[in-house]
Amino acid sequence: MALNANSSSQALLDAQLELWHTTFCHIKSMALKTALDLRIADTIHHHGGAATLTQIATKTTLHPSKAPCLRRLMRVLTTTGVFSIQHNDDGDGDEPVYALTPVSNLLVGRSQNLAPLTAMILHPALVSPFFEIAAWFQHELPDPCVFKQTHGQTLWEMADRDAAFDALVNDGMVSESQFIMDIAVKECGEVFQGISSLVDIGGGLGAAAQAIAKAFPHVKCSVLDLDHVVAKAPGDTDVKYIAGDMFESIPPANAMFFKWVLHDWSDDDCVKILKNCRKAIPPREAGGKVIIMDIVVGAGPSDLKHREMQVLFDLYIMLVNGIERDEQEWKNVFTRAGFSDYKIIPVLGIRSIIEVYP
């Protein structure tokens, strides 16, 4: 009987641990946000990739009384793998030395720096809507998205009216484009071979199109986006910027490219957009196709972390009434838009490249 009682108690404690692990996950995010706000990764990078607590406190201008609290913050960040602890061999006693890890290396430097995207995702404007999801579920569709229910305006309206928020979003998306496109052209560059022109639809400031143009100089790249976005586009690039609305018309090219765009829109809207694409590209035998970089739920690595991130992104994009689709859901959209075939290439972690053929 004692053995069974102990087993039952352990099962309860294990269940409590699992419950707490999920309940306290937001603290991991807020610890990371604090590290970003204090530029802790930059400080460690400034010291050659390893720094003591004193060096971090000095560079981040913390009040001396907060040093013990900083140690506790760093304990969370090292336990969760954002930083690591190294033994100090230069005679400074037992003071730990904190070092960058593969995770925090993504928060420093000029290339492959995802700090702007991370700052965008953890911004209060994008965190606070999660407190309103339960209330949103009680309203009949169609209704304002969770973001608009929370802020009284859509994300795009907020970006249009708030210059600081607009810069936050643009910087975040540019950093993400630079990161993922570098990997895409290395791992799946063949999708850009055999085409002479490409339009990056909803491509913002053109980071993805610029990466394609640099890797494949024979491809004439353009970006189609709204007037106010194109007005802020850089001028020192071979990429052409076109002001327009993808729901109205799309300029002709061999290939249309969408990076993290279609997941923002409903099936009906995606069908409208893709029908316009089909009108703008040549037949398949002449090289016409649509290239989509997005999540295909269930595709790619099958481990728990990848699968969990795919469904978490689906809930995240629901804030703007978007959706992350599985293969069947993508297929239904493609078929309704009049396309004949598609190919999923799951080479980008939780995301895939999808080639869609007329």
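1. Let me start with helix H11, which gives the most to the lining of the second largest pocket, with six residues. Helices (H or I, at least four residues) and strands (E, at least two) are DSSP runs, numbered from the N terminus. Please keep in mind that this is a predicted model: local features need pLDDT of at least 70, side-chain atom pairs count only at pLDDT 80 or more, and totals for chains, interfaces and linings use all residues. Residues are numbered from 1 along each chain as its sequence is written, and side-chain values use heavy atoms, with hydrogens and water left out.

2. The second largest pocket has a volume of about 1,400 Å³. For your own grid work: on a 1 Å grid over the protein atoms alone, a pocket is an open set of points where a 1.4 Å probe fits, with protein on both sides within 12 Å along at least five of seven lines, and lining residues have an atom within 4 Å of a point. Grid points are joined across faces, edges and corners, and a volume is the space filled by probe spheres set on the points. Of the 50 lining residues, Leu155, Trp156, Trp260, Asp264 and Trp265 lie nearest the centre. Elements that each supply at least two residues include H10 (155–161), H12 (207–215) and H15.

3. By residue class, the lining of the second largest pocket holds 28 nonpolar, twelve polar and ten charged residues. Here Ala, Val, Leu, Ile, Met, Phe, Trp, Tyr, Cys and Pro count as nonpolar, Asp, Glu, Lys and Arg as charged, and the others, Gly among them, as polar.

4. Now to the largest pocket, with a volume of about 2,400 Å³. Its lining has 43 residues, and Ser29, Leu32, Met309, Leu312 and Phe313 are the closest to its centre. Helix H15 (304–317) is among the elements giving two or more residues, as are H1 (2–23) and H2 (25–37). The largest share, nine residues, comes from H15. The lining of the largest pocket divides into 28 nonpolar, nine polar and six charged residues.

5. Strand E7 (residues 255–259) deserves a look: five of its five residues are buried, so the strand is largely enclosed by the rest of the structure. Buried means under 20% relative accessible area, exposed over 50%, and partly exposed in between (1.4 Å probe, protein chains only). One side of E7 carries Ala255, Phe257 and Lys259 and the other Met256 and Phe258, all buried.

6. E7 has parallel neighbours. Three bridges join it to strand E4 (residues 197–201), and five join E7 to strand E8 (residues 289–297); two strands pair if DSSP finds at least two bridges between them. Valine 199 has methionine 256 as its bridge partner in E7, while phenylalanine 258 stands opposite isoleucine 292 in E8. From E7 the chain crosses through helix H14 (residues 267–280) to E8 in a right-handed β-α-β crossover (with the strands pointing away from the viewer, the path from the first strand over the helix to the second runs clockwise).

7. In helix H12, Ala207, Ala208, Ala209, Ile212 and Ala213 are buried. The buried residues of H12 pack against H11, E4, E5 and E7, where contact means heavy atoms within 4.5 Å.

8. Finally, the whole chain: 16 helices and eleven strands, with buried residues making up 43% of the 358 residues.
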